[in-house]
Amino acid sequence: MRIALVAHDRKKDDMVALATEFAPLLRQHTLMATGTTGGRLQNEVGLTVERLLSGPLGGDLQIGARLSVGEVDAVIFLRDPMTAQPHEPDINALVRACDVHNVPCATNVATARVLLGEVARR
Ligand SMILES: O=C(CO)COP(=O)(O)O
């Protein structure tokens, strides 16, 4: 599967912990991530990740565009609901694209675990 991984700054530690836990599974799939998230996943977890632009510079939109043409199968997007983001429209566009195209999108760690559990079953 092609899995996109995105985390806001205050959720990046959670993403690293999640990815570390699921690293053997994630290594079997094609991963992409927004810039800063991807850098941490490469450096701290050792995953091979295609790094797109940072979220505020258009990374969410890149993932949304790929998803819209069938190039992304699942999204783990650990959003920070407590912090205003300058690129809120981009964030909403990505989540909307998931809903438009019926692509699973986990926006918190609990749902990400369910999603990755399902990925592991396939
Ligand atoms: O802002 C983001 C998602 O909206 C994440 O981008 P970075 O991974 O580059 O921090």
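These legends walk through several close-up views of a predicted model.

Local features here need pLDDT of at least 70 and side-chain atom pairs count only at pLDDT 80 or more, while totals for chains, interfaces and linings use all residues. Residues are numbered from 1 along each chain as its sequence is written.

View 1. Five parallel strands line up in the order β3-β2-β1-β4-β5. Strands (E, at least two residues) and helices (H or I, at least four) are DSSP runs numbered from the N terminus, and two strands pair if DSSP finds at least two bridges between them. Strands β3 (50-51) and β5 (105-106) each have a single partner strand, so one side of each is left without a neighbour in the sheet.

**View 2. Strands β2 and β3 with helix α3.** Strand β2 (residues 30-33) pairs with β3 in the parallel sense over two bridges, and M32 stands opposite E50 in β3. Helix α3 (residues 35-45) packs on the sheet, where it touches β1 (2-7), β2 and β3. The direction of α3 makes about 105° with that of β1; axes are lines fitted to C-alpha atoms, for helices over the stretch in contact, and angles run from 0 to 180 degrees between N-to-C directions.

**View 3. The largest nonpolar core.** Look here for 31 residues, with A4, L5, L31, A33, I63 and V75 having the most contacts inside the core. Such a core is a set of buried Ala, Val, Leu, Ile, Met, Phe, Trp, Tyr and Cys residues joined through C-beta atoms within 7 Å. Buried means 20 or more other C-beta atoms within 10 Å of a residue's own, exposed means 12 or fewer, and partly exposed lies in between, with C-beta atoms placed from the backbone.

**View 4. Around the ligand.** The ligand is surrounded by 13 residues (C-beta atom, placed from the backbone, within 6 Å), and the closest are T34, T36, T37, S54 and G55. Helix α3 gives the most to this shell, with three residues.

View 5. K12 sits in helix α1, while S54 lies in the loop between β3 and α4. With 16 C-beta neighbours inside 10 Å, S54 is partly exposed. Leaving aside neighbours within four places in sequence, K12 is in contact (C-beta atoms, placed from the backbone, within 7 Å) with A7, T37 and R40.

How values were computed:
Two residues are in contact if their C-beta atoms, placed from the backbone, lie within 7 Å.
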